[in-house]
Amino acid sequence: MGYKVMTYETPEQLMHPASRFGPYRDAIHITATNSLRDGMEESSNELFRWFHNPVISFADLSRVMGGGWYRPGTELHQFVLLSEALRLHVEQGHVEHLDIHSAVDKNQGQLLSTMRTLREAGVQSDNLSFPRDQVSMEEKTFVRLYGAMETSGAFKKFDDWMTRFDEDIIGCFTDLLEEALTERGKTHPHILHGGSGVGLGGDSDLRGLVERRFAQQKKIVLHGFYFLLPIQKKIFDMLSREVEVIHVVNHVDGFKRGFEPIERFLDFSNTPSEKALDIPYPVNMHAKRYLEALNGRFEEGEESKGEVYRFKNLYQFKEYARRDTHHLVSPKAHKIRGYMSDLDEMGRQQLSRYPFGRFLLDIHRLNNGRYDTRSDSYISSENLSIERIQRIFQSGFLLIDGVQATCYLRPLIRVSRLLEREKEFDGWTRKLDELISIKEDIEQRLRAKHSEFDGDLDHRLYARPHEMISHLNVSIEEIEAIKKGLQVIRELYQKLFKDERANIKDYVEVLDDHITGEIMPGLQNAADKRIAEEVRDSLKELQDSPLEAVDRRDLVRGLEFFLAGRPEEDEYESEVNGREQGQKGDLVKAMLNSDGLQFSQKRQIHFCVMDQKSFPYTQSMSLWPLKPERTQYLFETNVALSQLKVRKDLEFEIACYLLYLLMCNGVHLKFSFIQEFEKDKALAPSFYLDLMGLTEAPPDSIDDKDESDETEGQEVASPVKITLTSNDRVFVGAVKRTYEYCKKRAAYSYLFDERPVFESEFHEGFVFQNLLLLGRCGDREREARWDRRVSSLFPHLSETKKKMWTAKHHLYWDEHPSSPKGKNFHLGQVRYVIPRTEVTLFGTPSRGRNVFDGTGLEQSITATPGPHCKYCPYEKMCRESARKV
């Protein structure tokens, strides 16, 4: 039958009673995106029905096509089989270059993605037989692995489905449409029954509907396919052999630039086309001016054609966006979504982006199954890391004696320097036991020396000098709690990794039992409970996997892949593959998946985060590890696969076309960018916004409250005043000395905390020498004993480093024998000595910068920036730090 193209300039031309679209209104309609499907459904209702429901998206079809090709369990199955193929490749002695195989192994996800893309385009391993002297080592490994995957049956269901489709296109596609509509009807019954639906009575009616509108009419209407994926091109080409395939797209004649994507992808010059309506409809002025600018036609005059709002930072934009009634659309939605959405607003997305999914992913990554180049074999070992264990404690899904592990996160952070070199549970436990022994020893000695060792805050400040060291500023009870938390993690780890071979169903049951028995009872927040249930449902989907008993290492790698998702996918491919990263509840929607707004009843759109690095965006294309000359050959010999190259070649044109598409039917449009985002501190508006004649301006106020004391369009959010409770301290000794350097440091150190605690590696040397100074007495033998005790407080440091610091310390004080040892002062009836600590705690001697007048810090808490800032434990959080000025 072949292809046909119908163009429109605005959606109203499709809806007009005289539109040439009329004969296709009762056909089956398939949209490129879920957004377009939803927009068309919204615009065709009981009051005005311009086409007959139902309409489905290609994502709806992909969920049921190819023998479950896009189901999570299928991809997990394939990933596990690929892990097994990689392992057998090593065991059978096929590795020719250890480092290259290691690189292939580390990029297993990309390897599988390339295999699936080739399979969708009909490329098999036999088609990859290139001259041996031209093939790289990575390509040779890839071809061998691809062949092994074919032999294992990893692609058999998909191949069988494509064969059936090729033999009976009408019958197979009829079944596919019926199944897709049935599945969608389960969650959206209104599209089939009553309302603006088709009023079906049952499944038999649905089958009859599909046969009447597709099988009998032999036509299918495609909406919004301005670029094609290989699988789409292959399916549509096969359909065009038996039915008429009508592409409905937005296009305006008379412009050389702006519509290249559809002209190239849909082969305009060789495909019959017609306009939906000859009657013109008005187009948004911004869209019209943009299209003219793309074609080098600029209006005379320098007056502004509108504004592009400038937000200083993401916080200011977020506060504005929450009150904005426009649809928020961005080319960078995937990056800002995590910042914009609260926990209870999050739609279903890849599991690693859930706090609970992150927890499960971290548990799996405690096992390190990897290829080892030294032994040329796959090894599996425990792989604990500070960051991973801290995330598990912080997740809120770990209970220690009925208490959330988040309560022990700060103590865990403080002991982290002791643990960072340990990779196994036993090593962590041993180090924590050593820490308990060290604390018991030093505290026994100090308790005997100081009568007020267990006194109030001020006495403890001087009676416990060791607590300025972060890992010693943790109670023994807190260390025991951390050990118990590790044991809970270890028990789950052992349940998951106890057997050499595992069954996916049993594996999922272990996880589910842990979730329902150990985690769910401790969840208080309704959003946490809902997300935990979402993760449970996703895991249960894996139980349909055909995997039986497989090597545990392969299964673990597969599950890690399943939990982590594919961050390299763009939003459109993610939607087609069933891994959409956002839903209707998202505050900001991806531009790629927002084309349905042209049909929306509320066509007010705010194009946000439109800086020069965000728009135009790029299109992903990777067939690694195939070399460019190999991919070029495949593009030339395989039409479906060549769509990847066309999409990459036209990546800027695709972005520009989509921007026009979203603007052309808009009622009110806004544009904005954020100056400071992530590591970028001086972003500017996209060049294409400049072409439209837009000028920068602060955002208008849209708050409906009476805020007469705030100026309209302010750049920075108003400060919020809060009241903090603080400790009562005696302003003598170290408190007074710190105050003389910096009031803010004194407040942070002694009012809002018990004492300054030094956690960074940078401070360790200074703290070490400060403690040595406490033992300075002139008696070498006594000083040597004290030096050994101080050294024992830093078990994680090398002996060489500690000896070097000790020698440096004694050399300095031997050369300055007249320097005062310290200063006596009293707290109540107890006498303490403060050693001369300026060099170690502040860097330079005090010059009395702030004179203490005895009134404390009840007035303003101000910072005094200077060279001493880098020695301050709060330097990173201080806005006035000298190193930030």
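**Figure 1. Pairing of strands β16 and β17 in the predicted model.** Phe 607 has Phe 671 of β17 as its bridge partner. The model shown here and in the following views is a predicted one. Strand β16, residues 604–607, and strand β17, residues 668–676, are paired in the parallel sense over 4 bridges.

**Figure 2. The open sheet containing β16 and β17.** Six strands, in the order β15-β8-β16-β17-β7-β18, form an open sheet with parallel pairing. The edge positions are taken by β15 (588–590) and β18 (695–697); each has a single partner strand, so one side of each is left without a neighbour in the sheet. On average, and with direction ignored, neighbouring strands of this sheet are turned by 35° against each other.

**Figure 3. Helices α14 and α29 lying across strands of the sheet.** Helix α14, comprising residues 314–323, lies across β7 (307–313), β8 (327–330), β16 and β17. The direction of α14 is at about 125° to β7. Helix α29, comprising residues 651–664, lies across β8, β16 and β17.

**Figure 4. Packing of helix α13 against helix α29.** Two packed helices are described by the angle between their axes and the distance between the axes. For α13 (residues 285–294) and α29, the angle is about 155° and the axes are 8 Å apart. Because angles over 145 degrees count as roughly antiparallel, α13 is roughly antiparallel to α29. The crossing of these two helices, α13 and α29, is left-handed. On the α13 side, His 286, Ala 287, Tyr 290, Leu 291 and Leu 294 take part in the contact. They meet Cys 656, Leu 659, Tyr 660, Met 663 and Cys 664 of α29. An α-helix has 3.6 residues a turn, so residues three or four places apart point the same way.

Figure 5. Most residues other than glycine have a negative phi, and most peptide bonds are trans. The bond from Phe 615 to Pro 616 is cis, with omega near 0°. Pro 616 belongs to the loop between β16 and α27 (628–637). Trp 624 and Pro 625 are likewise joined by a cis peptide bond, for which omega is about 10°. Pro 625 is also found in the loop between β16 and α27.

Figure 6. Asp 376 is not a glycine, yet its phi is positive, at about 50°. This residue, Asp 376, sits in the loop between β9 (367–372) and β10 (377–382). Its relative accessibility of 29% places Asp 376 among partly exposed residues. Asp 401, again not a glycine, has a positive phi of about 55°. The loop between β11 (399–400) and β12 (403–404) holds Asp 401. With 63% relative accessibility, Asp 401 counts as exposed, because the cut-off for that class is over 50%.

**Figure 7. Surroundings of Asn 638.** Asn 638 is located in the loop between α27 and α28 (639–649). At 13% relative accessibility, Asn 638 counts as buried, because that value is under 20%. Apart from its neighbours within four places in sequence, Asn 638 is in contact with Ala 121 and Val 123. Pro 230 is 408 residues from Asn 638 along the chain, and the C-alpha atoms of the two are separated by 9.5 Å.

**Figure 8. Buried residues of helices α17 and α32.** In α17, which spans residues 386–394, the buried residues include Ile 386, Arg 388, Ile 389, Gln 390, Ile 392 and Phe 393. Just after α17, Gly 396 adopts a positive phi of about 90°. In helix α32 (residues 743–751), 7 of the 9 residues are buried, so α32 is largely enclosed by the rest of the structure. The buried residues of α32 are Lys 744, Arg 745, Ala 746, Ala 747, Ser 749, Tyr 750 and Leu 751.

**Figure 9. The protein as context for the close-up views.** The protein contains 36 helices and 20 strands. Of its 885 residues, 56% are buried. Among contacts in the protein with a separation of 6 or more, 77% involve residues 24 or more positions apart. The accessible surface of the protein amounts to about 40100 Å², and 48% of this surface belongs to carbon and sulfur atoms.

Note on methods
Residues numbered from 1 in each chain as written. Predicted model: local features only at pLDDT ≥ 70, side-chain atom pairs only at ≥ 80, totals over all residues. Heavy atoms only, no water. Pairing = 2+ DSSP bridges. Axes fitted to C-alpha atoms, helices over the stretch in contact; angles between N-to-C directions. Contact = heavy atoms within 4.5 Å. Buried < 20%, exposed > 50% of the residue type's maximum accessible area, 1.4 Å probe, protein only. Areas by Shrake-Rupley, 256 points an atom, 1.4 Å probe, with all protein chains shown as cover. Parallel < 35°, antiparallel > 145°, perpendicular 65-115°, else oblique. Left-handed = near helix turned anticlockwise from the far one by under 90°.
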